[in-house]
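Hi everyone, thanks for coming. Please have a look at the model on the screen, and then I'll walk you through a few parts.

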Amino acid sequence: FRFKDSLAEDLQSADLVISHAGAGSCLETLEKGKPLIVVINDKLMDNHQLELAKQLHRDGYVLYCNCSTLVETLQSMDLSALKPFPPGQPEKFASFLDKVFGLQ
Amino acid sequence: LLVVAGSGGHTTEILRLLSCLSESYSPRHYVLADSDKMSEAKIRSFEQKRAETFSESQFSLDRIPRSREVRQSWISSVVTTLYSILYSLPLTFKRKPDLILCNGPGTCVPVCLSAFLLGLLRIKRTTIVYVESICRVETLSLSGKILYYFSDYFIVQWPDLKKKYPKSVYLGRIV
């Protein structure tokens with residue numbers, strides 16, 4: 001499917017998600033509590049997607065690999081080792097701005 | 001409040017940032033790059049939902065030329081950004097926002113520089129708040145590197161960046 005408005009439904013019914021390292025894709029999947037394997041595109045120069053994927057992996061929220069190691073990752077993965085992902089807190093941002101403008 | 005919306009992910013992130021703001025942060029003026037198709041729909045949808053709770057809610061949408069394509073060269077980026085400033089300066093002058101909120105797309109550089117300039121000229125003092133994208137864990141985006149020096153508050157979402165850029169504010173993950 002070329003450009004769907006939202007993958008929310010598909011994500012909801014999936015047991016495992018394999019995705020590129022785009023922040024939106026990763027966060028949406030993790031927020032739905034789905035196990036995620038992130039595949040890094042080696043050929044993308046200036047790979048800033050890599051920073052987020054590596055950090056999420058370091059924190060134990062996702063598995064990651066590149067295109068050539070995907071099959072091996074799928075064969076040896078242990079999804080139960082993945083930690084649940086705590087959501088972001090935009091309230092903290094709102095609080096911060098309120099303080100800046102003396103709106104508290 | 002003036003909000004700079006960038007392509008795709010940037011817009012999603014910035015709308016999340018706006019989600020908990022009270023109605024004191026109104027009206028909201030959104031600025032988009034002229035070539036951005038998808039952000040407008042997301043913004044309208046966000047504002048529509050907001051209007052369900054806050055009926056007096058007001059917003060507007062303006063477009064300026066895109067300042068830089070992905071991976072455009074440094075030199076040509078300076079030229080295209082200057083061109084965008086020709087549009088962002090009158091727009092910022094017209095809106096005279098108290099607060100500008102942005103999170104990294106190239107579009108925010110001309111807008112913030114315009115506001116900074118209007119501040120220097122004592123026409124309007126705007127508070128510039130920059131929130132670096134959650135994707136940026138260890139390094140800043142190009143917009144971030146520039147606006148670190150021009151923003152009033154520079155917010156990062158990962159502790160490594162706070163260490164590297166001590167003047168920044170760290171609130172944890174906020175999107």
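Let's begin with a term: helices (H or I, at least four residues) and strands (E, at least two) are DSSP runs, numbered from the N terminus. On that basis, chain A has five helices and three strands, and its pattern along the sequence reads α-β-α-β-α-β-α-α.

Some housekeeping before we go on. This is a predicted model, where local features need pLDDT of at least 70, side-chain atom pairs count only at pLDDT 80 or more, and totals for chains, interfaces and linings use all residues. Residues are numbered from 1 along each chain as its sequence is written, chains are lettered from A and ligands numbered from 1 in the order in which they are written, and side-chain values use heavy atoms, with hydrogens and water left out.

Now the sheet. Two strands pair if DSSP finds at least two bridges between them. In chain A, three strands form an open sheet in the order β1-β2-β3, with parallel pairing. β1 (17-20) and β3 (63-66) of chain A are the edge strands, each with a single partner strand, so one side of each has no neighbour in the sheet. From one strand to the next, the twist averages 30 degrees; angles run from 0 to 180 degrees between N-to-C directions, and the axes are lines fitted to C-alpha atoms, for helices over the stretch in contact. Contact here means heavy atoms within 4.5 Å.

Strand β2 (residues 36-40) of chain A pairs with β3(A) over four bridges, in the parallel sense. For V39(A), the bridge partner in β3(A) is C65(A).

What lies across β1, β2 and β3 of chain A? That is α3(A), which runs at about 140 degrees to β3(A).

Let's zoom in on that helix. L52(A) sits in α3 (residues 49-58) of chain A. Is L52(A) buried or exposed? L52(A) counts as buried because its relative accessibility is 1%; buried means under 20% relative accessible area, exposed over 50%, and partly exposed in between (1.4 Å probe, protein chains only). Leaving aside neighbours within four places in sequence, L52(A) is in contact with A23(A), and also with I134(B), C135(B), V137(B) and W158(B) of chain B. For chain A as a whole, buried residues make up 38% of the 104 residues.

Finally, over to chain B. F116(B) is found in helix α4 of that chain, and at 32% relative accessibility F116(B) counts as partly exposed.
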